[in-house]
Amino acid sequence: MNSPDVHIGAVFGFSPLAFEEGIRLGLVYFSEGSKNMIKELDVVVLARDLNDYQLKRGDVGTVVHVHESGKAYEVEFLTDEGKTVAVVTLSVHDLYSSQDFIA
């Protein structure tokens with residue numbers, strides 16, 4: 001199965017390769033210091049690969065549940081067609097708030 005197209009480009013308007021290249025060149029980065037409070041229905045960006053789910057760093061998901069005031073987050077990742085790829089429980093260290101994204 002090919003990796004689903006759930007990458008950040010769908011939200012921010014450029015390809016996953018451009019995103020990774022932008023990070024490498026220092027043109028695109030995340031504001032590490034702020035870690036805005038993530039809440040239900042927030043759009044978040046995956047900070048690392050999750051090979052078991054065929055998800056890559058930079059994939060975009062939606063928080064569907066916040067566990068224990070932010071100790072963990074249930075995040076749903078969708079294809080461009082709206083089909084669920086995975087619903088994964090992640091820590092704040094696995095995510096960036098889309099508000100922390102700077103391009």
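A residue is called buried when its relative accessible area is under 20%, exposed when this is over 50%, and partly exposed in between, with a 1.4 Å probe and protein chains only. The structure is a predicted model, in which local features need pLDDT of at least 70 and side-chain atom pairs count only at pLDDT 80 or more, while totals for chains, interfaces and linings use all residues. Residues are numbered from 1 along each chain as its sequence is written, and side-chain values use heavy atoms, with hydrogens and water left out.

**Exercise 1. List the salt bridges of the whole structure and state the accessibility of the residues in them.**

Step 1. The search of the whole structure finds three salt bridges, one of which joins aspartate 42 and lysine 39. Side chains of opposite charge can pair when their charged atoms come close.

Step 2. Arginine 48 and aspartate 94 form another salt bridge, in which the closest N and O atoms are 2.7 Å apart. This pair links distant parts of the chain, 46 residues apart, since arginine 48 is in the loop between β2 and β3, and aspartate 94 in the loop between β5 and β6 (95–97). Arginine 48 has a relative accessible area of 40% and is thus partly exposed, whereas aspartate 94, at 12%, counts as buried.

Step 3. Lysine 71 and glutamate 68 meet through their side chains in a salt bridge of 3.7 Å, N to O. Lysine 71 is exposed at 61% relative accessible area, and glutamate 68 counts as exposed at 59%.

**Exercise 2. Work out how β2, β3 and β4 pair, and examine the turn between β3 and β4.**

Step 1. Strand β2 (residues 43–46) pairs with strand β3 (residues 60–67) in the antiparallel sense over three bridges, pairing being assigned if DSSP finds at least two bridges between two strands. Within this pairing, valine 43 stands opposite threonine 62 in β3.

Step 2. Strands β3 and β4 (residues 72–78) run antiparallel and are joined by five bridges. Valine 63 has valine 75 in β4 as its bridge partner.

Step 3. The two strands β3 and β4 form a hairpin with four residues between them, and glutamate 68 in the turn has a positive phi of about 45°. Serine 69, which is in the loop between β3 and β4, has a phi near 55°, a positive value in a residue other than glycine. At a relative accessible area of 70%, serine 69 is exposed.

**Exercise 3. Identify the elements that give two or more residues to the largest nonpolar core, and follow the contacts of leucine 90.**

Step 1. The largest nonpolar core has 14 residues, the term denoting a set of buried Ala, Val, Leu, Ile, Met, Phe, Trp, Tyr and Cys residues joined through side-chain atoms within 4.5 Å. Those with the most contacts inside this core are Leu46, Leu55, Val63, Tyr73, Val75, Leu90 and Leu95.

Step 2. Two or more residues come from each of β2, β3, β4 and β5 (84–90).

Step 3. Leaving aside neighbours within four places in sequence, leucine 90 is in contact with Leu46, Leu50, Ala72, Tyr73, Val75, Phe77 and Leu95.

Technical notes: Contact means heavy atoms within 4.5 Å. A salt bridge is a side-chain nitrogen of Lys or Arg within 4 Å of a carboxyl oxygen of Asp or Glu.
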